[in-house]
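Biologist: Put the model up, please. I have some questions about it.

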Amino acid sequence: KMEKVIVDLCNKLVTTTFNVQYLGAYYAVIYYYCFFSVDAARAQFHYNQIKEYVEKDTDANGYRVRAFYELVVKNNRDGAYELAQKASRVLSVFSTGSERIYEGHCIDNLYQSING
């Protein structure tokens, strides 16, 4: 079911004028293509759509998305690890409640991917 949702979301993102409010959707798509269904070309395409925003993002989710990009698209384990550490350091101030818990789980997935 996740694949259908992501494909539908991608179709909407590429046929809709960009709006900064869609960053979360782009983050989800990039994460999907870097972790659940690895496709470096698709991850890179969507990353390039938001590059100027994600590379300025100092929240845990921004660092995590960049780290997955470094790992999967650039094959840069050291860069991914450095960004994963930054994500971990700012997790305690990221959002609240269940969103923080979810982000922590995503960061754990990142460390497993780096080490695996």
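Modeller: A term to start with: helices (H or I, at least four residues) and strands (E, at least two) are DSSP runs, numbered from the N terminus. The model is a predicted one, in which local features need pLDDT of at least 70 and side-chain atom pairs count only at pLDDT 80 or more, while totals for chains, interfaces and linings use all residues. Residues are numbered from 1 along each chain as its sequence is written, and side-chain values use heavy atoms, with hydrogens and water left out.

Biologist: Where are tyrosine 31 and phenylalanine 35?

Modeller: In helix H2 (residues 23-36); they are four residues apart, so about one helical turn separates them.

Biologist: Is tyrosine 31 buried or exposed?

Modeller: Tyrosine 31 is buried, at a relative accessible area of 4%. The cut-offs are under 20% relative accessible area for buried, over 50% for exposed, and partly exposed in between (1.4 Å probe, protein chains only). Phenylalanine 35 is partly exposed, with 26% relative accessibility. Another pair, tyrosine 32 and phenylalanine 36, has ring centres 6.3 Å apart and planes at 25°, so it is stacked.

Biologist: How many residues apart are tyrosine 32 and phenylalanine 36?

Modeller: Four, which is about one turn of the helix, and both are in H2. Tyrosine 32 is buried at 7% relative accessible area, whereas phenylalanine 36 is partly exposed at 44%.

Biologist: Which residues form the aromatic cluster?

Modeller: One cluster takes in Tyr31, Tyr32, Tyr33, Phe35, Phe36 and Phe68.

Biologist: And what does asparagine 109 touch?

Modeller: Leaving out residues up to four places away in sequence, asparagine 109 touches Tyr31, Phe35 and Phe68. Contact here means heavy atoms within 4.5 Å. Asparagine 109 lies in helix H6 (residues 97-115) and is buried, with 7% relative accessible area.

Biologist: Since H6 has come up, how do H5 and H6 cross?

Modeller: At roughly 160°, with the axes coming within 10 Å. Axes are lines fitted to C-alpha atoms, for helices over the stretch in contact, and angles run from 0 to 180 degrees between N-to-C directions. That angle makes H5 roughly antiparallel to H6. Angles over 145 degrees get that name, under 35 is roughly parallel, 65 to 115 is roughly perpendicular, and the rest are oblique.

Biologist: Which residues make the contact?

Modeller: From H5 there are Arg77, Ala80, Tyr81, Ala84, Gln85, Ala87 and Ser88, and from H6 there are Ile107, Leu110, Tyr111, Ser113, Ile114 and Asn115. By class, the contact of H5 with H6 has eight nonpolar, four polar and one charged residues. Ala, Val, Leu, Ile, Met, Phe, Trp, Tyr, Cys and Pro count as nonpolar, Asp, Glu, Lys and Arg as charged, and the others, Gly among them, as polar.

Biologist: Next, H3 and H4. At what angle do they pack?

Modeller: Helix H3 (residues 40-54) and helix H4 (residues 60-72) pack at about 140°, and their axes are 11 Å apart. So H3 is oblique to H4.

Biologist: Which residues meet there?

Modeller: Ala40, Ala43, Gln44, Tyr47, Asn48 and Val54 of H3 meet Gly62, Val65, Arg66, Tyr69 and Val72 of H4. The contact of H3 with H4 divides into seven nonpolar, three polar and one charged.

Biologist: Now the loops. What is phi of asparagine 75?

Modeller: Near 55°, a positive value in a residue other than glycine. Asparagine 75 is in the loop between H4 and H5 and is exposed, at 63% relative accessibility. Serine 95, in the loop between H5 and H6, also has a positive phi, near 45°. Serine 95 counts as partly exposed at 29% relative accessibility.

Biologist: Last one: where is aspartate 78?

Modeller: In helix H5 (residues 77-90). Aspartate 78 is exposed, with 67% relative accessible area. Its C-alpha atom is 9.5 Å from that of alanine 67, eleven residues apart along the chain.

Terms used: Rings of Phe, Tyr and Trp (its six-membered ring) pair if their centres lie within 6.5 Å; planes under 30 degrees apart count as stacked, over 60 as edge-to-face and the rest as tilted.
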